[in-house]
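Hello,

Here is the structure I promised to pass on to you. Have a look at it first, and then read on for what I found.

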Amino acid sequence: MKEITPEQRQKALDILIHPSDSKLITHLNACVHCGLCETSCLFWKTFKEPKYIPGKKVDMVSSIYRRYCTFLGKTVPKLNHAREMDENTLTEMIDSLFGACTMCGRCVKHCSIGVDIPFVVRTGRRMLATMGLVPETLQATVDAAINTGNNMGIPTEDFVDTIEWMEEDEEVPIPLNKEDADVLYTLNPREPKFFPLSIAAAAKIFQQAEVNWTLSTEMYDVTNYGYFSGNDAEATAIAKHMFDEVHKLHCNTLVLGECGHGSRALRWEAPNYLKTHPDFKIITLIEMLENFIKSGRIKVDKNLNTKKYTIHDPCNIVRNGGLYNSLRYVVRQVVPELVEMDPNGSDNFCCGGGGGMLAMSEYNERRLKVGEIKANQIKATGATVVITPCHNCVDQLTQINHTYNLNVEIKSLAEVVADALVVE
Ligand code: SF4
Ligand code: SF4
């Protein structure tokens with residue numbers, strides 16, 4: 001492990017010693033160690049090791065809190081299960097908080113007293129980030145976003161080439177850097193890199209709905225891995241870049257493309273990072289599609305899609321984003337047969353790709369192993385197509401599909417809606 005300076009160590013402890021509000025102290029003191037959260041976690045269900053119990057992840061942080069912030073922890077640490085923040089503790093923290101939690105929030109629903117477990121996990125990640133202990137792979141993703149404007153470091157000329165290729169092949173206009181457009185649309189960089197047809201799909205829908213829209217070549221990335229790394233300054237810089245781009249192009253609505261954590265970070269976390277409310281509208285593509293269909297701005301025919309479909313609910317869109325009804329409404333308008341996973345909606349299992357896991361290749365084996373829960377859920381539906389409005393989920397589901405021989409297609413919501421479009 002890299003050397004930690006006394007200043008870094010103190011700054012990390014200050015996150016616990018001088019919290020900015022009472023929420024942290026409440027949640028650090030709330031766990032009653034009942035263990036009811038145990039079976040809610042995909043890591044515990046897969047590996048059945050105590051360290052994967054959500055309450056244990058909370059205890060990683062709260063045991064340090066007790067050691068440095070409570071009288072009993074300072075005087076009789078062993079009796080109070082209070083831990084020194086030494087090298088062993090930090091090594092375990094990295095493994096548990098970065099490598100064994102997708103911050104999916106399923107455990108919160110099952111906690112007997114509502115401990116906000118991902119919030120405590122992110123607090124631990126903030127402490128590790130302060131000490132420069134974010135896994136290098138995840139940090140590289142954040143660095144790429146800050147240095148190049150997108151987390152995959154795609155050069156602008158490659159992005160423009162991909163857009164022009166889609167315009168030509170799919171015969172649909174995709175405006176770039178258009179000033180005074182109503183809508184600035186955003187993408188997960190996995191789209192131009194691996195799934196460019198989803199960009200063309202969104203463009204076809206916008207064309208039918210006659211939306212005055214644009215993409216920015218400088219800042220199209222909806223993701224914010226600073227949210228996952230725990231570095232608030234970097235999360236703020238990424239969010240600010242997007243807000244500045246909306247202002248630069250004089251757009252009045254920011255439409256969040258298909259990305260769960262990106263939607264959460266830009267819509268709900270960014271105003272906290274930036275300490276200001278946006279002076280433009282922020283909406284997800286899902287809500288926009290719901291609105292287009294309900295208002296008749298686009299016409300869809302579900303019989304243009306002919307397979308058996310299921311939905312994977314991205315944690316930050318449905319459980320933590322409240323868009324269950326909007327997503328179900330849109331999907332039911334565009335597919336003839338929908339079979340739900342069990343469980344689904346706000347109790348759905350994470351696919352295993354969240355929390356920055358897809359960026360941290362050192363945990364690939366663990367990530368694919370926990371994905372078996374999702375693989376079994378998909379198998380049980382008998383569906384041949386899995387729809388999910390998040391490109392991180394698309395990526396993880398694609399790998400699960402291959403690993404567990406599911407033989408299904410993975411599609412974004414825009415693709416399924418575009419396939420059902422009645423073109424007039
Ligand atoms: S947030 Fe998700 S991955 Fe993390 S402990 Fe809770 S259930 Fe497990
Ligand atoms: S269910 Fe809640 S209170 Fe019980 S062990 Fe888990 S986190 Fe702690």
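The shell around ligand 2 is made up of eleven nonpolar residues and four polar ones, with no charged residue. In this predicted model, 15 residues surround ligand 2, and the closest are Cys31, Cys34, Cys37, Gly55 and Cys111. Helix H4 (residues 54–69) gives the largest share of that shell, three residues.

Ligand 1 has a shell of 16 residues, with Cys41, Pro54, Cys101, Cys104 and Cys107 the closest. Two or more residues each come from helix H3 (42–47), H4, helix H7 (106–110) and helix H8 (117–130). How do the residues of the shell around ligand 1 divide by class? Eleven are nonpolar, three are polar and two are charged.

Now for the overall layout. The protein chain is divided into domain 1 (6–133), domain 2 (137–291) and domain 3 (298–419). Between the C-alpha centres of domain 1 and domain 3 there are 30 Å, and 13 residues of domain 1 are in contact with 18 residues of domain 3. On the side of domain 1 that touches domain 3, H3 and H7 each supply at least two residues, and H3 gives the most, with four. That side has six nonpolar, four polar and three charged residues.

Within domain 1 (6–133), I would point you to alanine 12, which lies in helix H1 (residues 6–17). Is alanine 12 buried or exposed? Alanine 12 is buried, because 23 other C-beta atoms lie within 10 Å, and the cut-off for buried is 20 or more. Alanine 12 and threonine 130 are 118 residues apart in sequence, yet their C-alpha atoms are 5.7 Å apart in space. Leaving aside residues up to four places away in sequence, alanine 12 touches Met127, Thr130 and Met131.

There is also a sheet to look at. Four strands form an open sheet in the order E2-E1-E3-E4, with parallel pairing. Strand E2 (213–214) and strand E4 (281–284) stand at the edges with a single partner strand each, so one side of each has no neighbour in the sheet. Strand E3 (residues 253–256) runs parallel to E4 and is joined to E4 by four bridges; leucine 254 stands opposite isoleucine 282 in E4. Lying across E3 and E4 is helix H15 (residues 260–274), which runs at about 155° to E3.

Finally, a few backbone details. Most residues other than glycine have a negative phi, and most peptide bonds are trans. Here, the peptide bond from aspartate 342 to proline 343 is cis, with omega near -5°. Proline 343 is in the loop between strand E6 (337–338) and helix H18 (364–381).

Lysine 48 is not a glycine, but its phi is positive, at about 55°. This lysine 48 is found in the loop between H3 and H4 and is exposed, with 10 other C-beta atoms within 10 Å. Asparagine 177 also has a positive phi, near 55°, and sits in the loop between helix H10 (156–170) and strand E1 (183–185). Asparagine 177 counts as partly exposed, because it has 14 C-beta neighbours inside 10 Å.

Happy exploring, and best wishes

Conventions
Residues numbered from 1 in each chain as written. Chains lettered and ligands numbered in written order. Predicted model: local features only at pLDDT ≥ 70, side-chain atom pairs only at ≥ 80, totals over all residues. Near = placed C-beta within 6 Å. Nonpolar A, V, L, I, M, F, W, Y, C, P; charged D, E, K, R; others polar. Domains from an automatic or database assignment. Contact = placed C-beta atoms within 7 Å. Buried ≥ 20, exposed ≤ 12 C-beta atoms within 10 Å, placed from the backbone. Pairing = 2+ DSSP bridges. Axes fitted to C-alpha atoms, helices over the stretch in contact; angles between N-to-C directions.
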